[in-house]
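Colleague: Could you put the model up and talk me through it, please?
Modeller: Here it is.

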Amino acid sequence: MSDQVEHRVPALPRGLLGKAVQAVIRGFRELATRFWASLWQIVAVAVIMASLVLIAGLSKAFALIGFASFVASVLLLPRHDAEIVQEDLARTPPASGRTAAMQLMAEALPDPVILLNPAGQVLFCNAPARGLFASLRQGSHISSVIRTPEFLDAVSAAPDRGRAVTVTYAERVPVGRRMAATVAPLSRGGERAGNILVLLRDLTEIERINQMRADFIANASHELRTPLASLRGFIETLQSSAKQDPAARERFLAIMAEQASRMTRLIDALLSLSRVEMNAHVPPSDLVDLNDVINHAKDTLEPLAREMGFRLEVGRFPRPAVVRGDRDELVQVLQNLVQNALKYGDRGGIVRIEAKHIPSIGRQAGRYAIAVIDKGPGIAPEHLPRLTERFYRVDVASSREKGGTGLGLAIVKHILNRHRGELAIASTPGKGSTFTVMLSEVKNALPERGTAVG
Ligand SMILES: Nc1ncnc2c1ncn2[C@@H]1O[C@H](COP(=O)(O)OP(=O)(O)OP(=O)(O)O)[C@@H](O)[C@H]1O
Ligand SMILES: [Mg+2]
């Protein structure tokens, strides 16, 4: 794959003398190249010196020394890397068929690809690489954009190593990310001095998902382990010290039943979450009247609210409020929000469901908003952005004590994502919280199920 033709030199005479002759010829060639490249500057300095001698009476010796120093500096002083590369690139014949095909292929790849010469200078980079590094230029050294020592070592060792290596590294600016760079020399056989291909992959998202999965499993097993440990403890007690104590047995069995139902709740919530996630990419197609959803949630939760000493005030849309949705999932959204309001609201208070139509503005379609409002202790602002994370709870002990699994709002968020809807949370500590669900309206449509508005 390597573009060897561009770097091949004419066959060398054998032996040390041959090498010396070759070096001298190369030196003269380099001087001649530099002379021709700077010819205009040399002529301009010669004219200035002559004018100074003729007009300003400058001594001829001084003028000659000045001119000679200038010519020597142009021919002999070391030049900036980028200059040399630009010159090399200019001398390089237009991309050969193979190089052109490789560039075309690299442009078609979705990942960043950079082609370097053996000295580590950029010969070519594709659009994703240009997007990743705004300052990446043809001719600049790769170290101007990736400074990680392991990566730079891999690049300088590539021509000798002769095989690809992958280096992973972290970047802090412009954004924190983890990258994997595969450095592959493009020389054939034992040949040196081939170009180097650098393939980059952004690992940030993959690592974040892996971390989330690991956290999720750790959290889920922790949540299950706690009631399980408690159950085992009670079983042992019942088998030993409480064997002959009927009163203790009754008390322990009641606690065990509660722990078992906690495990059932958790497994139900986990299954529910995984079901919603599995369907996340399939938007629902049924037509559902939100008044029907509100009624269903009210019917199922009113007895519980009464039992907990709450009054449930339920508002409805004045007309059928039709959206594209899965009725059972939307009922679950509302049930989770009302259950939270009952669980965390002030006992003996009111929980209100408000229904409101938001007319369309410009290109934004009209929407239906259902708000669940409680007058509980509210939630401090720093918790709000994290409430929909799995297992996130403001007060873990209090949530567990109330039978909470910490998955209710995560399920709400996933269901609403599937429905292309939104959840807005507003809360003032000491005054209460409002959780608002927003869904796009479907105009002039009839729901597929009856709208038994009660
Ligand atoms: N209306 C509310 N008022 C105050 N805090 C709330 C309210 N709703 C939710 N929270 C806080 O958000 C946390 C997450 O709620 P979420 O519904 O996800 O879990 P949960 O209620 O603890 O458990 P689950 O819903 O699975 O039974 C709760 O633990 C609670 O701390
Ligand atoms: Mg909840």
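Colleague: Is strand β10 buried or exposed?
Modeller: Six of the eight residues of β10 (residues 367–374) are buried, so this strand is largely enclosed by the rest of the structure. Buried here means that 20 or more other C-beta atoms lie within 10 Å of a residue's own, exposed means 12 or fewer, and partly exposed lies in between, with C-beta atoms placed from the backbone. Strands (E, at least two residues) and helices (H or I, at least four) are DSSP runs, numbered from the N terminus. Please keep in mind that this is a predicted model, in which local features need pLDDT of at least 70 and side-chain atom pairs count only at pLDDT 80 or more, while totals for chains, interfaces and linings use all residues. Residues are numbered from 1 along each chain as its sequence is written, and chains are lettered from A and ligands numbered from 1 in the order in which they are written.

Colleague: Which strands does β10 pair with?
Modeller: Strand β9 (residues 350–358) is joined to β10 by eight bridges in an antiparallel arrangement, and Ile358 stands opposite Arg367 of β10. Eight bridges also join β10 to β12 (residues 432–440), again antiparallel, with Arg367 opposite Ser440. Two strands pair if DSSP finds at least two bridges between them.

Colleague: And what order do the strands of that sheet follow?
Modeller: The sheet is open, with five strands in the order β7-β9-β10-β12-β11 and mixed pairing.

Colleague: Which helices pack against α11?
Modeller: One is α10 (residues 290–307), which packs with α11 at an angle of about 35° with the axes 9 Å apart, and another is α13 (residues 408–418), whose axis comes within 9 Å of that of α11 (residues 327–344) and crosses at roughly 145°. The crossing of α10 with α11 is right-handed, and that of α11 with α13 is left-handed. Left-handed means that the near helix is turned anticlockwise from the far one by less than a right angle, and right-handed means clockwise.

Colleague: Which residues meet there, say between α11 and α13?
Modeller: From α11 they include Glu329, Val333, Asn336 and Leu337, and from α13 they include Gly408, Leu409, Ile411 and Val412, where contact means C-beta atoms, placed from the backbone, within 7 Å. The residues of this contact divide into seven nonpolar, five polar and one charged. Ala, Val, Leu, Ile, Met, Phe, Trp, Tyr, Cys and Pro count as nonpolar, Asp, Glu, Lys and Arg as charged, and the others, Gly among them, as polar. Between α10 and α11, the meeting residues include Ile294, Ala297 and Leu301 of α10 and Leu330, Val331 and Leu334 of α11, and by class that contact has 11 nonpolar, three polar and two charged residues.

Colleague: Changing topic, what surrounds ligand 1?
Modeller: A shell of 23 residues does, the closest being Arg393, Val394, Gly404, Gly408 and Leu409, and a residue is counted if its C-beta atom, placed from the backbone, lies within 6 Å. Helices α11 and α13 each supply at least two residues of the shell, and the largest share, five residues, comes from α11. By class, the shell has 10 nonpolar, nine polar and four charged residues.

Colleague: Which residues other than glycine have a positive phi?
Modeller: Among them are Phe391, with phi near 65°, and Arg420, at about 55°. Most residues other than glycine have a negative phi. Phe391 lies in the loop between β10 and α12 (396–401), and Arg420 in the loop between α13 and β11 (422–428).

Colleague: Why do they count as partly exposed?
Modeller: Phe391 does because it has 17 C-beta neighbours inside 10 Å, and Arg420 because it has 13.

Notes:
Axes are lines fitted to C-alpha atoms, for helices over the stretch in contact, and angles run from 0 to 180 degrees between N-to-C directions. Two residues are in contact if their C-beta atoms, placed from the backbone, lie within 7 Å.
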